[in-house]
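User: I'm new to reading protein structures. Could you walk me through this one with a few questions and answers?

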Amino acid sequence: MTKKIIVMFSGTGTNLKAICEYAKINSSYEVIATITNKADAGGIKIAENFNIPSHIVEHKNFSSREDFDSELVKIIKEYKPDLVVLAGFMRILTPLFTQNVKAVNIHPSLLPLFAGANAIKESFESKMKLGGITIHFVDDGVDSGNIIAQVAVEKLPNDTLQSYEQRIHEAEWELYPKTIDKILIGDI
Ligand code: GRF
């Protein structure tokens, strides 16, 4: 039976797009809804193009993280998804969310290195010859949940931050949809 996922994002939504494209062609899951905390997020248009409903829940309209999270949980529970997928969702979630929702996240570094919001720049500016990406379960810390999958991305001699960032994103678009598939068919 086809599994159901909800994707949450705050920005451009290129990972959302990769996941929706993969789901259309060859996967065990469908994207049944999206949630964003930004009314101007590019991902809203992408969801629309795939005929997927988007819920805009702006964190600035809530007086506490818990109130915001309980609204997210309420929406999610109504859909009864098999998995919630964070794809550039830039809010820290409280136990109110993490204890009620099974969720995964993608992060543009080889965790536990370079957790937090500036991972690509920090990893590019570090002495390391390699960067990479990590998919992990979501807990109430910052990029701290159990690791599910990782891929290394080599730094090339002539890389600029932009060219390195582009290859990091390409690795994300490749790995995330497939890893979600594996989780849902029980391979992970
Ligand atoms: C990705 O680099 C992801 O790793 C990070 O946020 C970015 C989201 O990009 N958590 P997009 O909105 O999917 O284009």
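Here is a friendly set of questions and answers about this predicted model.

User: Is the crossing of helix 1 and helix 6 left-handed or right-handed?

Analyst: These are the two helices that pack with their axes 9 Å apart. The handedness of the crossing of helix 1 and helix 6 is right-handed.

User: Which residues in helix 6 does helix 1 meet, and how do the residues of the contact divide into nonpolar, polar and charged?

Analyst: From helix 1 come T14, N15, A18, I19, Y22 and N26, and they meet E172, W173, Y176, P177, K178, I180 and D181 in helix 6.

User: How far does helix 6 reach from its first C-alpha to its last?

Analyst: Helix 6 has 24 residues, and at 1.5 Å a residue the expected span is 34 Å. The model comes close to that expectation, since its reach from first C-alpha to last is 34 Å.

User: And how far does helix 1 reach from its first C-alpha to its last?

Analyst: Helix 1 has 13 residues, for which 18 Å is expected at 1.5 Å a residue. The span in the model is close to this, at 19 Å.

User: Which residues of helix 1 are buried, and what do they pack against?

Analyst: The buried set in helix 1 is N15, L16, A18, I19, C20, Y22 and A23. Their packing partners are strand 1 (3-9), strand 2 (29-36), helix 2 (43-49), strand 4, strand 5 and helix 6.

User: Is T179 buried or exposed, and what is it in contact with?

Analyst: T179 sits in helix 6. Its relative accessibility is 4%, and buried means under 20%, so T179 counts as buried. Setting aside neighbours within four places in sequence, the contacts of T179 are I135, I148, A149 and I188.

User: I135 is on that list. Where does I135 lie, and is it buried or exposed?

Analyst: I135 belongs to strand 6, residues 130-137. Beyond its neighbours within four places in sequence, I135 is in contact with N105, I106, I147, I148, A149, L175, Y176 and T179. With 0% relative accessibility, I135 counts as buried.

User: Now helix 3. Is V73 buried or exposed, and what does it contact?

Analyst: V73 lies in helix 3. Its relative accessibility is 9%, so V73 counts as buried. Leaving aside neighbours within four places in sequence, V73 touches L96, F97, N100 and V101.

User: Which residues does a cis peptide bond join?

Analyst: Most peptide bonds are trans. In this model a cis bond has an omega of about 10°, and it joins L111 and P112.

User: Where is P112 found, and is it buried or exposed?

Analyst: P112 is in the loop between strand 5 (103-107) and helix 5 (119-125). Its relative accessible area is 72%, and exposed means over 50%, so P112 is exposed.

User: Which phi value does F114 have, and how accessible is F114?

Analyst: F114 is found in the loop between strand 5 and helix 5. Most residues other than glycine have a negative phi. F114 has a positive phi, near 60°. Because its relative accessibility is 21%, F114 counts as partly exposed.

User: What is the phi of K80, and is K80 buried or exposed?

Analyst: K80 is in the loop between helix 3 (65-79) and strand 4 (83-86). Its phi is positive, near 50°, in a residue other than glycine. At 66% relative accessibility, K80 counts as exposed.

User: To finish, how far apart in space are P112 and I183?

Analyst: I183 is one of the buried residues in helix 6. Along the sequence, P112 and I183 are 71 residues apart. In space, C-alpha to C-alpha, the distance is 21 Å.

Definitions and conventions:
Residues numbered from 1 in each chain as written. Predicted model: local features only at pLDDT ≥ 70, side-chain atom pairs only at ≥ 80, totals over all residues. Heavy atoms only, no water. Axes fitted to C-alpha atoms, helices over the stretch in contact; angles between N-to-C directions. Helix = DSSP H or I, 4+ residues; strand = E, 2+ residues; numbered from the N terminus. Left-handed = near helix turned anticlockwise from the far one by under 90°. Contact = heavy atoms within 4.5 Å. Expected span 1.5 Å × (residues − 1). Buried < 20%, exposed > 50% of the residue type's maximum accessible area, 1.4 Å probe, protein only.
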